[in-house]
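Trainee: I would like to go through this model and ask what stands behind each term.
Mentor: Go ahead.

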Number of protein chains: 2
Amino acid sequence: MRYLITFSYDGSKYGGYQKQLDINTIQAELETALTKLNNKETSVVASGRTDRGVHAINQKAHFDLDINITPDKLKMALNSLIPNDIYVKNVEVVDSNFHARFNVKSKEYVYKINLGEYNPIEKDYIYQYGKSLDVEAMNKGIKYFIGMHNFKSLVAADDVRDNYDREIISANIEVENDIMTISFVGTGFLRYMVRNMVGLLIEMGEGKRKASDVLTILEKEDRKASGKTAPACGLYLKNVNY
Amino acid sequence: MRYLITFSYDGSKYGGYQKQLDINTIQAELETALTKLNNKETSVVASGRTDRGVHAINQKAHFDLDINITPDKLKMALNSLIPNDIYVKNVEVVDSNFHARFNVKSKEYVYKINLGEYNPIEKDYIYQYGKSLDVEAMNKGIKYFIGMHNFKSLVAADDVRDNYDREIISANIEVENDIMTISFVGTGFLRYMVRNMVGLLIEMGEGKRKASDVLTILEKEDRKASGKTAPACGLYLKNVNY
């Protein structure tokens, strides 16, 4: 039986979602728990990886189990076996050809920035920028990301692939009590793409770039054309839609 | 010269505010930094301790330095020497007979409870209660704490002292997006007093006790008369007023 789980995690204590040798990862924690439950090596396929320090509010993953267990019982069993900084919110049975990565229609990421004074209590959860930003300039700039673009200029420097075209469906900035929340919905995201878009937006908020620079940078198709990568701690995978 | 500092900290990685052997504490971190700056053993006197896992938004402390340093420079120097889960927000010079503990006029504590689904990202910062509570019943009950009372029934079990009388000036409950915030302003608080008041309020919210039980319990002057101690992670020292 194939199951789809929705889960959240505090990424600050993990070396990222994806399994690696000698590093604590979310995937390894889930697979250890499922292997125990299923009495055999069981692997998990997520909607995609999240990097070291990045959090998830609603990450999704599928896996196959040989044992007969109801979604409710599986949710309880899994949550009892994984560490308490990962939490399975929902379990459902899906068709055996459902695929948590290939079937993704869109994803939503949010990025949080503290424009106010440094807050040690939120340091792993909100980027402690600590100064004001020109929200109007950023709101103008963020609109240039919307649509289908070649995002090669905004990808991780070592990311080599055939196709860098991705579509941003919507993008938005809100500020409440000195916390800026930047959200992006898109059909797919490349590695570091959100953090690099946020890095550019911050430079606009600082008056160092103008809104239309986004197009010039994207046209160059060169990582060196863009700016800094915003820190991982402010980034959340908020939703995965199928 | 005597200095008064206002500082915040994430209590989740410390064994409490107060210095102890073999345990990482906030006080020890501050004293290590100050001893380095002052070139001699320097001790810090806070408004009071906070227990293991309890956070502070505006804790206050005083200390004396022999060196000549402006408040602004001292703020920068201290923040560069302490870990990034403690942050000095303000430094001021005070009179040499000012005392951070003896001069306290009132303190404010807040306690945060998540009534919604378990959130692994907030597990060290908001008590993950995970069910709804009868806010109206709790709002009725909390009023009974206001005023001068003998709080012996609501103190840490091993707390032995002459005088358990403390005055609660105001107390309030708010709920926003499933997060309940309970706040207390009082002239002084005994050890575990806030967490024990919150424990009682939760039992009221569960329909297990009625509002006026507060008076019956206080009259007994016996810790066994009250209920559970709410977990440390939800508690914040919010303000200290002189």
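Trainee: What makes B:E174 and B:T181 opposite residues?
Mentor: B:E174 stands opposite B:T181 in β9(B). Strands themselves are DSSP runs (E, at least two residues), numbered from the N terminus.

Trainee: How do you know what the model is, and how residues and chains are labelled?
Mentor: This is a predicted model, in which local features need pLDDT of at least 70 and side-chain atom pairs count only at pLDDT 80 or more, while totals for chains, interfaces and linings use all residues. Residues are numbered from 1 along each chain as its sequence is written, chains are lettered from A and ligands numbered from 1 in the order in which they are written, and side-chain values use heavy atoms, without hydrogens and water.

Trainee: What lies between β8(B) and β9(B) in their hairpin?
Mentor: There are 2 residues between them, and B:N177 in the turn has a positive phi of about 50°. β8 (residues 165-176) of chain B also runs antiparallel to β7 (residues 147-150) of chain B, joined by 4 bridges. There, B:M148 has B:E167 as its bridge partner.

Trainee: Why is the relation between the chains called a two-fold axis?
Mentor: Chain B can be laid on chain A by a turn of 180° and a shift of 0.0 Å along the axis, with an RMSD of 0.0 Å. That is the relation of a two-fold axis. The superposition is by least squares on C-alpha atoms of residues with pLDDT of at least 70 in both copies. In chain B, the C-alpha nearest the axis belongs to B:E122, 5.0 Å from it.

Trainee: How do you know that the copies meet through the same surface?
Mentor: 100% of the interface residues of chain B are also interface residues in chain A, so the surface is the same. Contact (heavy atoms within 4.5 Å) takes 21 residues from chain B and 21 residues from chain A.

Trainee: What is the buried area between chain B and chain A?
Mentor: About 1600 Å², 62% of it on carbon and sulfur atoms. Buried area is the accessible area (1.4 Å probe) that two parts lose on being put together, summed over both.

Trainee: How many salt bridges cross the interface of chain B and chain A?
Mentor: The rule finds 0; a salt bridge needs a side-chain nitrogen of Lys or Arg within 4 Å of a carboxyl oxygen of Asp or Glu.

How values were computed. Two strands pair if DSSP finds at least two bridges between them.
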